[in-house]
2 protein chains.
Amino acid sequence: MPTKPRRSGRRPGLSDTRDLILRAALAQFAANGYERASLRAIALDAGVDQKLIAHYFGSKRGLFAEAIRLPIEPAELLSQLLDGDQASIGERLARLAVGILEDPATRERMLGVIRAVASQPEVAHTLREFIEREVLGAAEAELGEDAPRRLALAASQIVGLALARHIVELVPLAQASSEQLVEALAPTFQRYLTGPLD
Amino acid sequence: MPTKPRRSGRRPGLSDTRDLILRAALAQFAANGYERASLRAIALDAGVDQKLIAHYFGSKRGLFAEAIRLPIEPAELLSQLLDGDQASIGERLARLAVGILEDPATRERMLGVIRAVASQPEVAHTLREFIEREVLGAAEAELGEDAPRRLALAASQIVGLALARHIVELVPLAQASSEQLVEALAPTFQRYLTGPLD
């Protein structure tokens with residue numbers, strides 16, 4: 001076997017199957033949005049049993065996060081955020097966000113999502129649906145009715161940091177250490193998440 | 001004359017000339033970056049006298065801002081920001097930023113710059129050079145050595161707001177009134193520009 005056949009064999013290996021599902025999912029999410037995309041249609045397009053999707057990705061939410069390569073599953077981020085006292089929630093979020101941007105693997109995923117969102121309206125639309133359905137709703141249940149606005153403000157600062165520091169590469173941010181960034185951002189997040197907003 | 005010839009006549013009108021210069025400038029900035037792009041080469045490419053560039057755009061800085069369609073000339077923004085007492089500088093910046101995003105014309109320019117920066121590395125690179133040379137340097141002279149980091153932090157929140165509110169269109173931000181946004185953002189900018197950062 002001089003070259004390994006890719007995605008054309010009858011019995012694809014595990015990673016090929018996973019990949020087939022992700023490609024089918026991305027196409028379905030782009031075509032139909034988050035809510036209307038069905039796991040059944042994705043399984044059909046990928047030519048796999050629907051149970052395999054649950055096996056690999058747990059849920060539609062997990063599948064989406066992986067398909068658009070989110071750097072972290074938002075439910076996971078939310079649980080890390082809520083695990084500790086409220087007085088330091090801003091610092092926890094700052095450390096989580098800066099940590100995602102420090103690790104080359106998660107940073108590249110985050111920048112990829114930002115690039116896709118900025119250039120493809122259907123990705124922006126699907127991401128919005130996902131965030132509103134799976135993240136802000138859950139946050140509201142945990143943190144109260146103000147939570148969606150609070151998290152959205154914090155998210156805006158995080159994506160802005162990613163863009164200014166890692167896409168435009170503004171020197172004062174690109175040269176700042178992780179600790180400097182955490183200290184600059186923590187009070188912002190603390191107020192967005194727990195302080196008076198108006 | 002059934003159809004009006006566009007950009008092919010020997011004696012183009014004023015708006016055509018302006019447009020020719022902008023196109024030549026965009027190409028030069030993309031190819032050579034902000035610093036190395038020369039007004040002489042741009043005039044040559046556009047087939048116009050170099051004095052016309054000064055006439056239409058004032059300076060290389062003005063030409064760049066117009067060529068990449070910045071929603072406001074940064075020197076102008078900086079002067080508006082500094083015109084008033086320091087205790088309300090955060091609110092002034094919040095009003096300026098929210099105002100740019102409320103006006104459809106300036107909003108579209110801002111979103112266009114963000115889309116270009118996110119998808120074209122050479123635009124990101126040229127914009128960085130421009131900001132560092134023309135904006136952060138001037139800010140440092142006016143506001144002290146910490147100014148570049150302070151303005152870069154504020155800029156990151158502004159572009160993040162534009163992206164989250166107008167590209168992803170997160171509902172809690174898209175539905176917030178201008179006044180709500182100003183109140184949410186003003187203390188962030190106040191601290192970034194004048195408060196302790198670490």
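Colleague: Which helices of chain A each supply at least two residues of the lining of the second largest pocket?
Modeller: In this predicted model, the second largest pocket has a volume of about 180 Å³. Of the 14 residues that line this pocket, Leu26(A), Ile68(A), Arg69(A), Ala116(A) and Val123(A) are the closest to its centre. The helices of chain A that each contribute at least two lining residues are α1 (14-36), α7 (104-119) and α8 (121-143).

Colleague: Which helix gives the most to the lining of the second largest pocket, and how do the lining residues divide by class?
Modeller: With five residues, α7(A) gives the most to that lining. Sorted by class, the residues lining the second largest pocket are seven nonpolar, three polar and four charged.

Colleague: Which residues lie nearest the centre of the largest pocket?
Modeller: About 220 Å³ of space lies in the largest pocket, and its lining comprises nine nonpolar, two polar and three charged residues. There are 14 lining residues, and those nearest the centre of the pocket are Leu26(B), Ala67(B), Ile68(B), Ala116(B) and Val123(B).

Colleague: Which helix gives the most to the lining of the largest pocket?
Modeller: Four helices of chain B, namely α1 (14-36), α4 (60-67), α7 (104-119) and α8 (121-143), each supply at least two residues of this lining. The helix that gives the most, with five residues, is α7(B).

Colleague: How are the two copies related?
Modeller: Chain A is superposed on chain B by a rotation of 180° with 0.0 Å of shift along the axis, at an RMSD of 0.0 Å. The two copies are therefore related as by a two-fold rotation axis.

Colleague: Which C-alpha of chain A is nearest the axis, and what percentage of the contact residues of chain A recur in chain B?
Modeller: In chain A, the C-alpha nearest the axis, at 1.8 Å from it, belongs to Gly160(A). The same surface serves both copies, and the share of the contact residues of chain A that recur in chain B is 100%.

Colleague: How much area is buried between chain A and chain B?
Modeller: The contact involves 38 residues of chain A and 38 residues of chain B. Carbon and sulfur atoms give 66% of the area buried between the two chains, and that area is about 3500 Å².

Colleague: How far apart are the closest N and O atoms in the salt bridge of Arg128(A) with Glu169(B)?
Modeller: Over all chains the count comes to 24 salt bridges, and across the interface of chain A and chain B there are two. In the salt bridge that Arg128(A) forms with Glu169(B), the distance between the closest N and O atoms is 3.2 Å.

Colleague: By how much of a helical turn are Asp19(B) and Arg23(B) separated?
Modeller: The side chains of Asp19(B) and Arg23(B) meet in a salt bridge, with 3.5 Å from N to O. Because Asp19(B) and Arg23(B) are four residues apart in helix α1 of chain B, their separation is about one helical turn.

Colleague: How many helices and how many strands are there in chain A, and what does its C-alpha trace span along the principal axes?
Modeller: From the N terminus on, the elements of chain A run α-α-α-α-α-α-α-α-α-α-α, and the chain has eleven helices and zero strands. Along the principal axes, the span of the C-alpha trace of chain A is about 60 × 40 × 30 Å.

Terms used:
Residues are numbered from 1 along each chain as its sequence is written. Chains are lettered from A and ligands numbered from 1 in the order in which they are written. This is a predicted model: local features need pLDDT of at least 70, side-chain atom pairs count only at pLDDT 80 or more; totals for chains, interfaces and linings use all residues. Side-chain values use heavy atoms; hydrogens and water are left out. Copies are superposed by least squares on the C-alpha atoms of residues with pLDDT of at least 70 in both. Contact means heavy atoms within 4.5 Å. On a 1 Å grid over the protein atoms alone, a cavity is a set of points where a 1.4 Å probe fits but cannot get out, and a pocket is an open set with protein on both sides within 12 Å along at least five of seven lines; lining residues have an atom within 4 Å of a point. Grid points are joined across faces, edges and corners, and a volume is the space filled by probe spheres set on the points. Ala, Val, Leu, Ile, Met, Phe, Trp, Tyr, Cys and Pro count as nonpolar, Asp, Glu, Lys and Arg as charged, and the others, Gly among them, as polar. Buried area is the accessible area (1.4 Å probe) that two parts lose on being put together, summed over both. A salt bridge is a side-chain nitrogen of Lys or Arg within 4 Å of a carboxyl oxygen of Asp or Glu.
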